[in-house]
Amino acid sequence: MTENVREITEEIVVSDPWQRWFFRLLGILTLLRLFLSVYLDLTPDESYYWELSRRLDWSYFDHPPMVAWLIALFGVLPGEHELHIRLISVIGSGFAGWCLFCIGRDFLKSSKIGFIAAFMMSFTPAGVAVGFVTTPDTPLMLAWSAGCLAFLKAINDSRDRWWIVTGLMLGFGALSKYNMIMFVPGVAVTILGFKKYRHLVFTRRYWLMVLLAAAGTVPVIYWNMAHDWISFRFQFDHGLSANTRPFFRNFGEYLGGQLGTLGPVLFPVLWFVVCRSAWRSWRLNDEVRFILAWMALPTMLLFTRTATMAKVEANWPQVAYLSAFLLVSEWLTLGENPRRRFKWVVGPSLFLSIIALVQSITLVLPLPVRSDVTVRMHGWEQMGEALKKVDAATGKKALFVVQGTTLTTLVGYYGEIESDRIVELFVNGNFRIWWKDRVIEPGREIVFVDADHYPETARFATKFSQTSTEAFDIFSCGKKVRRINLTRMSG
């Protein structure tokens with residue numbers, strides 16, 4: 001039987017050129033992502049999630065725990081390297097691409113559509129980053145794409161198995177990022193919107209999915225109950241509450257972020273295709289395209305509405321585009337000249353991705369350092385060498401007080417400093433929880449670290465009898481990327 005399965009699989013691969021092209025693409029992308037993982041330093045956000053993995057908990061101030069759990073899991077690999085943190089994204093992005101390919105092949109009946117969708121996912125500027133940079137979006141992307149595939153399989157299956165997988169992916173996603181809640185409207189609208197599916201609410205398989213999804217929220221709710229619901233309050237205040245900035249600034253930043261991370265043509269085309277599919281698929285009783293559209297539309301609408309009154313980060317809506325890529329991919333293959341459509345819609349995104357890749361590796365463009373996000377992946381290892389020397393000079397007993405949460409965690413990672421010897425200056429976020437009721441013992445030597453953004457050294461120098469500051473200019477690719485100030489304070 002094993003031989004028969006192998007023969008059938010080989011026959012499918014040989015007879016399906018787009019499947020062969022998908023695996024070639026996946027191989028090339030994996031090699032590229034591994035190279036970037038090894039060559040580039042961690043981003044500040046990655047070091048932050050690494051710090052969470054050193055302090056394992058049921059949840060955290062700003063995010064559920066899955067990214068920290070996964071980093072801790074991969075951390076058991078021998079040695080200490082950025083690759084241990086980034087393997088999660090290399091594997092997760094490859095798996096997400098495979099899910100899109102399978103949906104295109106099995107439900108839209110075209111391996112070509114699946115291939116183009118996986119290609120688009122990988123070659124937007126945001127897709128390039130998520131391919132190797134590990135954040136909570138990494139497990140969220142994995143859960144969302146696998147959940148979409150599982151739900152498409154489950155909806156017309158009377159057995160339990162795919163409903164169970166859908167529930168597991170919902171639970172996994174709930175442990176990854178709060179955005180996973182926006183997967184639920186797509187499930188609900190599908191079941192309630194099609195008369196033939198409404199009976200599912202009264203079946204065992206439906207409630208198995210619901211219970212497994214709910215189980216994923218238990219650790220997060222438990223942690224929040226013990227911490228005065230601080231994470232939920234932060235998310236509502238940070239992500240959904242109105243701010244005092246003018247409408248044009250909020251919405252302009254949102255629109256610019258989406259056009260820059262998705263592509264100046266792909267973004268409006270995506271909106272057009274998703275909205276059209278959401279309406280036409282319901283009229284035509286086409287549940288496959290209806291599901292794909294409504295897995296995207298609630299998130300897109302939510303963050304567009306939020307952007308009219310508050311700041312929306314460019315990455316927040318990105319997970320919704322996964323199913324949308326399949327609909328756009330199908331639209332690209334239609335018409336009299338699909339190659340021309342592909343060139344004009346996907347071409348600008350591909351061009352921006354190549355520019356971003358080249359700049360990340362070489363810093364060749366003369367961009368202002370503070371405006372160039374790729375600089376965030378350069379120079380931290382040099383900072384680490386300076387930190388280690390200062391730490392050794394203090395007998396590895398000094399407390400490192402650092403300005404800014406992510407710089408604090410970068411100091412911990414590249415300086416190889418224990419968690420109990422680093423603290424953020426203003427004790428923000430998780431540091432407020434970790435340092436609650438802690439008192440710095442009198443006489444403790446302090447090393448104050450700042451990156452010349454908001455130097456506070458003079459403010460604290462008067463409290464110590466001896467202070468000395470060393471400034472380190474950090475260079476990468478022949479360009480000065482930052483200055484790090486290390487101030488020893490004693491007495």
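**Burial, strands and spaces**

Author: In this predicted model, isoleucine 355 is partly exposed, with a relative accessible area of 35%.

Reader: Is alanine 118 buried or exposed?

Author: Alanine 118 has its place in helix 6, residues 111–122. Its relative accessible area is 2%. Buried means under 20%, so alanine 118 is buried.

Reader: What separation is there between the C-alpha atoms of alanine 118 and phenylalanine 61?

Author: Along the chain, alanine 118 and phenylalanine 61 are 57 residues apart.

Reader: How many residues of helix 17 are buried?

Author: Helix 17 covers residues 297–306 and is mostly covered. Its buried residues are Leu297, Pro298, Thr299, Met300, Phe303, Thr304 and Thr306. Of the 10 residues in helix 17, the buried ones number seven.

Reader: Why is strand 3 largely enclosed by the rest of the structure?

Author: In a regular strand the side chains alternate between the two faces of the sheet. In strand 3, Ile446, Phe448 and Asp450 point one way, while Val447 and Val449 point the other way, and all are buried. Strand 3 (residues 446–450) is largely enclosed because its buried residues number five of five.

Reader: Which residue of strand 5 stands opposite valine 449?

Author: Strand 3 and strand 5 (residues 479–490) run antiparallel and are joined by five bridges. Opposite valine 449, the residue in strand 5 is leucine 486.

Reader: Which residue of strand 3 stands opposite valine 401?

Author: Strand 1 (residues 399–402) runs parallel to strand 3, with four bridges between them. Phenylalanine 400 stands opposite valine 447 in strand 3. For valine 401, the residue opposite is phenylalanine 448.

Reader: What is the volume of the second largest pocket?

Author: Rolling a probe the size of a water molecule over the atoms shows where empty space is left. For the second largest pocket, the volume is about 330 Å³.

Reader: Which residues are the closest to the centre of the second largest pocket?

Author: Strand 2 (422–424), strand 3 and strand 5 each supply at least two residues of its lining. The lining of this pocket has 19 residues, and the closest to its centre are Val401, Ile440, Ile446, Phe460 and Phe464.

Reader: Which helix gives the most to the lining of the largest cavity?

Author: There are three cavities of 30 Å³ or more, and the largest holds about 60 Å³ of space. Among its lining residues are Leu29, Leu32, Arg33, Leu36, Phe123 and Leu357. Helix 2 (17–39) and helix 7 (125–130) each supply at least two residues of the lining. The helix that gives the most, with four residues, is helix 2.

Note on methods:
Residues are numbered from 1 along each chain as its sequence is written. This is a predicted model: local features need pLDDT of at least 70, side-chain atom pairs count only at pLDDT 80 or more; totals for chains, interfaces and linings use all residues. Side-chain values use heavy atoms; hydrogens and water are left out. Buried means under 20% relative accessible area, exposed over 50%, partly exposed in between (1.4 Å probe, protein chains only). Two strands pair if DSSP finds at least two bridges between them. On a 1 Å grid over the protein atoms alone, a cavity is a set of points where a 1.4 Å probe fits but cannot get out, and a pocket is an open set with protein on both sides within 12 Å along at least five of seven lines; lining residues have an atom within 4 Å of a point. Grid points are joined across faces, edges and corners, and a volume is the space filled by probe spheres set on the points.
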